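Here are my notes on this one, written as numbered points. Have the picture open while you read and find each residue as it comes up.

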Amino acid sequence: MQEQETRGDHITLIGTSPAIWQAEPGPTRLPSRALVVDDSLVVAEVVTTLLRRTGWTVDVATSVDAALEHVRGVPYDLVVCDVCMPDGGGPAVYYAATTRRPDLTNRFLFIIGNVDDAEPWRFLAKIRAHVLEKPFTGRALRHALIKVIA
């Protein structure tokens, strides 16, 4: 069972089983290039694995600086980004990347784990972001991705 909850102007998706990721019908070919930005290697690996299973080519950045280097040189279709990171996180990546690449404005999916901190939610509401709360399942990630690339 999947549940969708709306908070303000952004989306929160909660799913069930990671096994659904491959079994669920949907587009057979998604856009090809994604950047995953997260200081947690575990989260980055989970997102990267799920994206690659559906045909994405994925680059990973574990800092804002590394993410911006990637954005300068690669035409990404999607950026999956942790909101809270030690070096500025989601807001820093979003503003710098969309200044250089305005076409990425609606191609961000933000991951958030600290749902009790109001500051990240204000940023996410301001930009009307697509949001996925931790912990999440493969199915929830896939549904969120479809909304971002639709």
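1. Start with Phe108, which is buried, at a relative accessible area of 2% (buried means under 20%, exposed over 50%, partly exposed in between, with a 1.4 Å probe and protein chains only). Keep in mind that this is a predicted model, where local features need pLDDT of at least 70 and side-chain atom pairs count only at pLDDT 80 or more, while totals for chains, interfaces and linings use all residues. Residues are numbered from 1 along each chain as its sequence is written, and side-chain values use heavy atoms, leaving out hydrogens and water.

2. Now the aromatic pairs: there are seven. Rings of Phe, Tyr and Trp (its six-membered ring) pair if their centres lie within 6.5 Å; planes under 30 degrees apart are stacked, over 60 edge-to-face, and the rest tilted. Tyr94 and Phe108 are edge-to-face because their planes sit at 70 degrees, with the centres 5.1 Å apart. This pair links distant parts of the chain, as Tyr94 is in helix 4 (residues 89–100) and Phe108 in strand 6 (residues 108–112), 14 residues apart. Helices (H or I, at least four residues) and strands (E, at least two) are DSSP runs, numbered from the N terminus. Tyr94 is buried too, at 6% relative accessibility.

3. Next, look at Phe110 and Phe123, another edge-to-face pair, with 5.5 Å from centre to centre and 85 degrees between the planes. Phe110 belongs to strand 6 and Phe123 to helix 5 (residues 118–126), so the pair ties together parts 13 residues apart in sequence. Both are buried: Phe110 has a relative accessible area of 0% and Phe123 one of 8%. Tyr94, Tyr95, Phe108, Phe110 and Phe123 make up one aromatic cluster.

4. Which residues of helix 4 are buried? They are Gly89, Gly90, Val93, Tyr94, Ala97 and Thr98. Seen down the helix 4 axis, the buried residues fall within an arc of 120 degrees (taken from the directions from the axis to the C-beta atoms), so they line one face of the helix. They pack against strand 3 (33–37), helix 3 (64–73), strand 5 (78–82), strand 6 and helix 5, where contact means heavy atoms within 4.5 Å.

5. Finally, the largest nonpolar core has 26 residues, and Leu35, Val37, Phe108, Phe110 and Leu124 have the most contacts inside it. Such a core is a set of buried Ala, Val, Leu, Ile, Met, Phe, Trp, Tyr and Cys residues joined through side-chain atoms within 4.5 Å. Helix 3 gives the most to this core, with four residues.
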